[in-house]
Amino acid sequence: MRFWVLGNAGVDETMAAAQWPQPGHTIIVGAPERDIGGKGANQALVLRRAGCAVHLVAPIGADAEGAWISQELKGEGLEPTDFIVLPRATDRSLIFVAPDGENAIASVVGCAASIQPADVDALLCRIERGDALLMQGNLRHDTTEAALALAKARGVRTVFNPSPVDIAFRTFWPLVDILVLNREEAGLFVPDAEPEAALRQLRRDGVGIIVLTLGREGAIALDREGRLHRASAEPVIAVDTTGAGDSFTGAFIAAFLGAQRDLGTSLRAATKAASITVTRRGTRSAFPTESELDDILGASARIVAAD
Ligand code: ATP
C-alpha cells in the first residue's frame, strides 16, 4: 500500500530567546537553527523512515528554500516530483524558544493556503483503493474536505490529525477513518470531558477509530467495536517535546496500516517512537532513525489493552 500525505512543508528557524519580543523593543537571540518543518513533511518523514511507500504532496516555493527542502527530503527517500512548486515564497516559521522550553511561533502559510479544492483531483489522481491518505490541519478547510471526500469515494482509508486545530474540522468526522489528536484538540471538540468520554463522543459524531495522545501519560484509542486500548508513555526524561505528536502519528500509522499490527500494538509502537523524539532537541533530528523504527516495529508486541 502507498501513503499519500497531502499537507505542508516549510523551513523552521528556531532561535533561543531569553525574553519574548515586546512592541517597540528589540531582543537579542541565539544563532537560528534551520530545519525542515511543517506537519505534512514531518509525518511523511517518519512514515518513510519506518519503511513505508510515501508520496508527500506538499506546496513549496520556486526559491532557494524550496530547492533546499526538495533536496533534503530527496535524501530522506521522498520523491521531489510529488512536490507542488509555486511561484511564491516557501512557507516558513520563526520559532522563539524561551529558557523554560515554551515557544512562540510566527508562520508564513502562503503556499499551504494556495491549494484550492479544485486542485485536489489532479494532485491525488494516482491514489487508488488500498492506499491511505494522511492529512493535517494546515491546508484550507475546503481543500482538506475535498481531499478527504475524494479518498472516501475511491475506497482509500483516511487519517486526519487536526493540528493546528480548528473547531470547523468537526464537519469532517464522517469522512475520517482514523483520527489522531491530542488532549487540547479533543478538548475543543468535546469540552470538559474525560479522555474516554471524549473518544466515545467523537465516535458518536461519526469518526471511525480515534487515537488520543496524552503527553507523558501515553495514549488511548477506541476501536470500531468500542473497545478501549491504552499504552503508557516510556519513562524517559523529556528535553524537548517538539515533534512528539508527528513522531507518534507517523509511527502509529506505519504500524497500524503499514505493518497491519493490531491497534494496541500500534499504540505501543507509537509511544516508543515519540519517547525517542522527546529525549532529543529539534524536530527532524529528533525523529527516530530507520534502524530505531525497525527495532520498534519489530518489537512492539508488548501492549496493554483494556476494555
Ligand atoms: P507536540 O505538539 O509536542 O508535538 P502533542 O501535543 O501533539 O505533541 P502529546 O500528547 O504531548 O502530543 O505527545 C505525543 C506522544 O508523545 C504521547 O502520546 C507520548 O507517547 C509521547 N510523549 C509526550 N511527552 C512525553 C514525555 N514527557 N515522556 C514520554 N513520552 C512523551
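**View 1. Strands S2 and S3 lie side by side in an antiparallel pairing.** Five bridges connect strand S2 (residues 10–16) with S3. As in every view here, what you see comes from a predicted model. Look for Asp-12, whose bridge partner in S3 is Asp-35. Helix H2 (residues 64–75) packs on the sheet, where it touches S2, S3 and strand S7 (92–97). The direction of H2 makes about 70 degrees with that of S3.

**View 2. Stepping back, an open sheet of four strands comes into view.** The strands follow the order S3-S2-S7-S8, and their pairing is mixed. At the edges stand strand S3 (33–37) and strand S8 (103–108). Each of these two has a single partner strand, so one side of each is left without a neighbour in the sheet. On average, neighbouring strands of this sheet are turned by 20 degrees against each other, direction ignored.

**View 3. Strand S9 is paired with S1 and with S10.** S1 (residues 2–6) runs parallel to S9, and four bridges join the two. Here you can find Trp-4 standing opposite Leu-133 in S9. The pairing of S9 with strand S10 (residues 157–161) is also in the parallel sense, over five bridges. In this pairing, Gln-136 has Asn-161 of S10 as its bridge partner.

**View 4. A closer look at the side chains of S9: which way do they point?** Ala-132, Leu-134 and Gln-136 point one way from the strand, while Leu-133 and Met-135 point the other way. Residues on both faces are buried. Five of the five residues of S9 (residues 132–136) are buried, so the strand is largely enclosed by the rest of the structure.

**View 5. Thr-171 sits in the loop between S10 and strand S11 (178–182).** Is Thr-171 buried or exposed? Because Thr-171 has 12 C-beta neighbours inside 10 Å, it counts as exposed.

**View 6. Helix H1 packs with helix H8 at an angle of about 45 degrees.** The axes of H1 (residues 39–49) and H8 (residues 244–258) are 8 Å apart. At that angle, the two helices are therefore oblique to each other. H1 passes H8 in a right-handed crossing. On the H1 side, the meeting residues are Lys-39, Asn-42, Gln-43, Val-46 and Leu-47. Facing them in H8 are Asp-246, Ser-247, Thr-249, Gly-250, Ala-251, Ile-253 and Ala-254. Sorted by class, the contact of H1 with H8 contains five nonpolar, five polar and two charged residues.

**View 7. Helices H9 and H10 meet in a roughly antiparallel arrangement.** The axes of H9 (residues 263–278) and H10 (residues 290–298) come within 9 Å and cross at roughly 150 degrees. Angles over 145 degrees count as roughly antiparallel, and H9 and H10 are therefore placed in that class. The crossing of H9 past H10 is right-handed. H9 contributes Ala-269, Lys-272, Ala-273 and Ile-276 to the contact, and H10 contributes Glu-292, Leu-293, Ile-296 and Leu-297.

How values were computed:
Residues are numbered from 1 along each chain as its sequence is written. This is a predicted model: local features need pLDDT of at least 70, side-chain atom pairs count only at pLDDT 80 or more; totals for chains, interfaces and linings use all residues. Axes are lines fitted to C-alpha atoms, for helices over the stretch in contact, and angles run from 0 to 180 degrees between N-to-C directions. Angles under 35 degrees count as roughly parallel, over 145 as roughly antiparallel, 65 to 115 as roughly perpendicular and the rest as oblique. A crossing is left-handed if the near helix is turned anticlockwise from the far one by less than a right angle, and right-handed if clockwise. Two residues are in contact if their C-beta atoms, placed from the backbone, lie within 7 Å. A residue is buried if 20 or more other C-beta atoms lie within 10 Å of its own, exposed if 12 or fewer, and partly exposed in between; C-beta atoms are placed from the backbone. Two strands pair if DSSP finds at least two bridges between them. Ala, Val, Leu, Ile, Met, Phe, Trp, Tyr, Cys and Pro count as nonpolar, Asp, Glu, Lys and Arg as charged, and the others, Gly among them, as polar.
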